[in-house]
Amino acid sequence: MSINLQKGGSINLTKSAPTTTVFKIGLGWDASNGGQTMDLDASAFMLNANGKFHDPLHFVFYNNLHSPEAAPAIQHSGDNLTGAAEGDDETITVTVPNIPPEIAEISFIISIYDAVAKGQHFGMVKNAFARIYDAGTGKELAKFNLTDECNGATSVQMGSLMRRAGDTWSFEAVGVGSAAGLQDYINQYQE
């Protein structure tokens, strides 16, 4: 059974899906609200215990579609510019066994491309959501409503996949929005 996550909520993935080794983070939205085209982008930052990334290849987004490992821990599906498809419009696949041991957190950021110039924010996006699910079965584990939770923001830290003691993984809904855009998160996470 899927959980509708609120800011600060978490789900222990090791307990909820003990046999799952590949998770997907799906981002979806409807093509327009009020006639404007909205381009949402999903990004992932692979962070160390200090909350920083030391290699630009640990920032996975529409211009860097996979992490640097020989068998990538993170794979991005590619950029959807319109949200016109049904269901997930962009996905980020996380293969847990491939995550390097120095990675303590994977932070998932959702942003609106060129939002400030277009005068757009999440409150204007129709039916925006992010969800985490089992890549093999499609079973949804948790969902986060971006339209309602992030009104006024142009980018949001949707949540983080957190490594705990003994390789226990949890997903924590953060839901912290920013009006500064994706660059604000790059500046925050970069060493």
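**Close-up views of the strands in a predicted model**

**View 1. Strand β11 pairs with β12.** Five bridges link β11 to strand β12 (residues 140-145), and the two run antiparallel. This is a predicted model. Together β11 and β12 make a hairpin, with five residues between them. In the turn, Gly138 has a positive phi of about 80°.

**View 2. Strand β11 is mostly covered.** The strand spans residues 129-134, and six of its six residues are buried. In a regular strand, side chains alternate between the two faces of the sheet. Here Phe129, Arg131 and Tyr133 point one way from β11. Ala130, Ile132 and Asp134 point the other way. Both sets are buried.

**View 3. Strand β3 also pairs with β11.** Six bridges join β3 (residues 22-28) to β11, again in antiparallel fashion. Look for Gly28, which stands opposite Phe129 in β11.

**View 4. Six strands build an open sheet.** The order is β2-β14-β13-β10-β6-β7, with antiparallel pairing. Strands β2 (10-12) and β7 (59-60) stand at the edges; each has a single partner strand, so one side of each lacks a neighbour in the sheet.

**View 5. Strands β6 and β10 pair inside this order.** Eight bridges connect β6 (residues 40-47) with β10 (residues 105-112), and the strands run antiparallel. Leu47 has Glu105 in β10 as its bridge partner.

**View 6. Helix α4 lies across the strands.** The helix covers residues 182-189. It lies across β6, β7, β10, β13 (155-164) and β14 (168-178). Relative to β6, helix α4 runs at about 0°.

Terms used. Residues numbered from 1 in each chain as written. Predicted model: local features only at pLDDT ≥ 70, side-chain atom pairs only at ≥ 80, totals over all residues. Heavy atoms only, no water. Buried < 20%, exposed > 50% of the residue type's maximum accessible area, 1.4 Å probe, protein only. Helix = DSSP H or I, 4+ residues; strand = E, 2+ residues; numbered from the N terminus. Pairing = 2+ DSSP bridges. Contact = heavy atoms within 4.5 Å. Axes fitted to C-alpha atoms, helices over the stretch in contact; angles between N-to-C directions.
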